[in-house]
Amino acid sequence: MSEAPLLDIRDIRTVFRTSAGEVPAVDGVSLSVAPGRTLGIVGESGCGKSVLSLSVMRLVPRPGRIASGQVLFQGRDLLALPEGEMRSVRGGAIGMIFQEPMTSLNPVHPVGWQIEEAVLAHRDVSRADARGIAIEALRRVRIPAPERRVEEYPHQLSGGMRQRVMIAMALACQPKLLIADEPTTALDVTIQAQILDLLRALQAETGMAIVLITHDLGVVAEMADEVAVMYAGKVVERGPAAAVFGDAQHPYTLGLFGSIPRLDDESDRLLAIEGTVPPPFNLPAGCRFNPRCAFADARCRETLPPLAPVGPNHIAACLRAPVEAIAA
Amino acid sequence: MLQHIVRRLLTAVPVMFGVLLIGFVLLQVVPTDPATVRAGPMATPDVIEAIRRDLGLDRPLWEQFLRYLWRLAQGDLGVSIINNVPVAQELGATIGPTLELMLASLVWSIPLGLLLGTVAAYWRGSLFDRAVMAFAVAGVSIPVFFVGLVLIWYVGFKWQLLPFTGRGGPIWTIEGLRAIALPALTLGGVFVGPIARMTRTAVLDVLSADHVRTARAKGLAERLVVLRHALRNALIPVVTLIGLQIGFLLGGAVVTETIFSWPGVGRLAVGAILSSDFPMAQGTIIVLSLGFIVINLIVDILYAVLDPRVRAS
């Protein structure tokens, strides 16, 4: 973590206006990723990880807004940029891909045209040159016969191919950072593996950093250098992947690991975390995880725990950490 | 694409047959006897009977219909009972002005409706949005003849700004333009509201789509996001809905032509029906139905042009 971070999110808070007042979807999150590294953000649906990624791009849909915080990218605060400059960051220095390759591409334009559009938005090149760049981008994501594929429409491509097109589009302008929001969730397992391999290979080629958002711990384990676990709008545990996977300290992280099926496990039931993520307009007092936590005590119901060191570069927000102490 | 068009043309054949049959039957049901009309008020029963035989009205209905179809197949639409002019000739003279009026109405109302609907959707919930929606509801509820009469009264009669009866000449002349202004405003005016409303709904729908988020994440300017990714996709449902409004447009044309004395097919139809001029009424019904089918075909082709998924299937 000695290298200056490429992206440094500081205490960001994104709220949504509802009839019950403003509710936080992301509540004071700080994260960073260094050039060429991969940060995995994990959590259940509704924990705020997608809103966080949209906050970085300043694409939070109405009635949401970023209430406070900083998003430093190469030292500049993106939240303070004029909209015009922010546009040149989107798709230029930061590329983004989304969960649904089926719907994330516009069905009425050829895929090549959609990549060219991204190129033309950021680079001063002719239409013909943009076409060449688009074909090259498709070739880089291992799409066969890219000269032909550029003419095709999204409905003519499979899900995996479409996600490759999305990646090609996001990378067409050689971004320093790729934000991948659940890039493999909608794909079947073999295609998932191909897409992850592709992302890793492209990262090695280009040296870009990746923020990988997923609910799939397997994907994080395979890809991430650093891991942040989010729960109810907050980061509850963060550290190097090896530390978080090998020595998880937050009961929620432990719960997530417990709900992964294991081949060597003889029990026929999976451990599930009881209950669901509390909605942002109805957060419990104290630790937000306490109603679902097996270790919670009276203190947990009153005090919101801060992130505190539990190991080298490894922090967790649990009053009862380290968990070994509870078990003993 | 060509296959698509041919298929659509083939399905138009039974539709056209249905139109001819219904048009024929409807005119049989009308409680006026064309022979009496033709003979005039002073004619004796003998004369009327002779005219009836002459017109073939004494034959069984099915035979009359078949003879009618046979003549039609030869391009013979019959002769007006009232003034003995061939129906085809009258229709030929009126189709041009009707097409002119439709074009002049659509050429401003469709772009304006698209613009209002898109802006209203983009600034959803704003004052502008509410104003457009109020205007759209008014446009749907106010009948064509009322708009026409208000325009005639104020713009035409009181303020004497524009002529309000008849056609002033070819549309590319100043007189022609001045004469078509009020009818085109009337007929187009009732079309803007529905188009704005449909566009707003469709654009709102598309604006929340994933691919619009992708377009923004690419760094496109908002203007391009709205034009190329929201409006462009919203055109598909909008065109479909415009297709469904064609009957409304043709009906509006009939009313507009009548109140502005516009020498088109619609006014001819009203005149023919009012004077029990059966061959002429049948001729206008055929032309208006053909118009309906042709516009529908154009909409269908547009639909395929706009949506690559339709082209493929």
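**View 1. The two domains of chain B in the predicted model.** The centres of domain 1 of chain B and domain 2 of chain B, taken over C-alpha atoms, are separated by 37 Å. Domain 1 covers 2–73 and domain 2 covers 96–263, with bounds that come from an automatic or database domain assignment. This is a predicted model, in which local features need pLDDT of at least 70 and side-chain atom pairs count only at pLDDT 80 or more, whereas totals for chains, interfaces and linings use all residues. Residues are numbered from 1 along each chain as its sequence is written, and chains are lettered from A and ligands numbered from 1 in the order in which they are written.

**View 2. The fold of chain B.** Chain B has 14 helices and 0 strands, where helices (H or I, at least four residues) and strands (E, at least two) are DSSP runs numbered from the N terminus. The C-alpha trace spans about 85 × 55 × 35 Å along its principal axes. Of its 313 residues, 34% count as buried, a term that requires 20 or more other C-beta atoms within 10 Å of the residue's own, while 12 or fewer make a residue exposed and values in between partly exposed, with C-beta atoms placed from the backbone.

**View 3. Helix H5 against helix H12 in chain B.** The axes of H5 (residues 87–122) and H12 (residues 265–274) of chain B come within 7 Å and cross at roughly 135°, which makes H5(B) oblique to H12(B). Axes are lines fitted to C-alpha atoms, for helices over the stretch in contact, and angles run from 0 to 180 degrees between N-to-C directions; those under 35 degrees count as roughly parallel, over 145 as roughly antiparallel, 65 to 115 as roughly perpendicular and the rest as oblique. H5(B) contributes B:Glu90, B:Leu91, B:Thr94, B:Ile95 and B:Thr98, and H12(B) contributes B:Val265, B:Gly266 and B:Leu268, two residues being in contact if their C-beta atoms, placed from the backbone, lie within 7 Å. By class, this contact has 4 nonpolar, 3 polar and 1 charged residues, where Ala, Val, Leu, Ile, Met, Phe, Trp, Tyr, Cys and Pro count as nonpolar, Asp, Glu, Lys and Arg as charged, and the others, Gly among them, as polar.

View 4. B:Ser276 lies in the loop between H12 and helix H13 (278–306) of chain B. Although B:Ser276 is not a glycine, its phi is positive, at about 55°, and with 19 other C-beta atoms within 10 Å this residue is partly exposed.

**View 5. The side of chain A that touches chain B.** The contact takes 23 residues from chain A and 18 residues from chain B. On the side of chain A, the elements that give two or more residues are helix H2 (83–89), helix H3 (101–104) and helix H4 (111–122), and H4(A) gives the most, with 4 residues. The residues on this side divide into 11 nonpolar, 8 polar and 4 charged.

**View 6. Two backbone details in chain A.** A cis peptide bond, with omega of about 5°, joins A:Arg62 and A:Pro63, and A:Pro63 is found in the loop between helix H1 (49–56) and strand E4 (64–73) of chain A. In the loop between strand E9 (226–231) and strand E10 (234–240) of chain A, A:Ala232 has a positive phi of about 50° although it is not a glycine. A:Ala232 counts as buried, with 23 C-beta neighbours inside 10 Å.
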